[in-house]
Amino acid sequence: MLNNNFFGFTTPETDGCLLKTTITLNPAHEIFKGHFPGNPIVPGVCMMQMIKEVLENQLGKKLRLVKADNIKFLSFINPNEYPQFGLGIKMSTVDEQVKADAQLVNEGIVFLKFKGVFK
């Protein structure tokens, strides 16, 4: 949905249940003209969508968020200041549910902490 337009990501590296990738934003995307003019920031819902789309790519199937246990937006992501950042996801699959514990980070700055369940 947003991949290959609003953002892109490198081929994820996996180490057991840990998935890591680098997100690259498109600072010229239309979203930033309204959020916010002259001071663009990535909307929180777009941050969560990035997690979902990376998981979908990794698992090869469509997912929907069914539960969000804990979401913390800790820092703004200005696409001009941070056009790239890391996404780390600890994931586990139980039955048809995918539990995700994710963070968006750049050099020690944590933008988002997310814990949720997808199905």
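Welcome to the tour: this structure holds three salt bridges, and the model you have open is a predicted one.

**Stop 1: the salt bridges**

Select K33 and E30. These two form a salt bridge, with 3.0 Å between the closest N and O atoms. Both K33 and E30 are exposed.

Next, select E56 and K52. Their side chains meet in a salt bridge with an N to O distance of 2.8 Å. Are E56 and K52 buried or exposed? Colour them by accessibility and you will find that both are buried.

For the remaining pair, pick D69 and K67, whose side chains meet in a salt bridge at 3.5 Å, N to O. K67 counts as partly exposed because its relative accessible area is 48%, between the 20% and 50% cut-offs.

As background, side chains of opposite charge can pair when their charged atoms come close.

**Stop 2: along helix α2**

Now select residues 44-59, which make up α2. This helix has 16 residues and spans 23 Å from its first C-alpha to its last, close to the 22 Å expected at 1.5 Å a residue. Step just past the end of α2 to G60, which takes a positive phi of about 70°.

**Stop 3: the nonpolar core**

Which residues touch the most other members of the largest nonpolar core? Select F6, I23, L25, V42, I51, I77 and I89: out of 31 residues in this core, these are the ones. Contributions of at least two residues each come from α2 and from several strands, among them β1 (7-9), β3 (18-25) and β5 (84-94). Helix α2 gives the most, with seven residues.

Zoom in on I89. Beyond its neighbours within four places in sequence, I89 is in contact with C17, L18 and L19, with I51, V54 and L55, and with A100, D101 and A102.

**Stop 4: Q97**

Finish at Q97, in strand β6. With a relative accessible area of 33%, Q97 is partly exposed. Leaving out residues up to four places away in sequence, Q97 touches S92, V117 and F118. Draw a distance from the C-alpha of Q97 to that of L63: the two are 34 residues apart along the chain, and their C-alpha atoms are separated by 9.2 Å.

Note on methods: Residues are numbered from 1 along each chain as its sequence is written. This is a predicted model: local features need pLDDT of at least 70, side-chain atom pairs count only at pLDDT 80 or more; totals for chains, interfaces and linings use all residues. Side-chain values use heavy atoms; hydrogens and water are left out. A nonpolar core is a set of buried Ala, Val, Leu, Ile, Met, Phe, Trp, Tyr and Cys residues joined through side-chain atoms within 4.5 Å. Buried means under 20% relative accessible area, exposed over 50%, partly exposed in between (1.4 Å probe, protein chains only). Helices (H or I, at least four residues) and strands (E, at least two) are DSSP runs, numbered from the N terminus. Contact means heavy atoms within 4.5 Å. The expected span of a helix is 1.5 Å times one less than its number of residues. A salt bridge is a side-chain nitrogen of Lys or Arg within 4 Å of a carboxyl oxygen of Asp or Glu.
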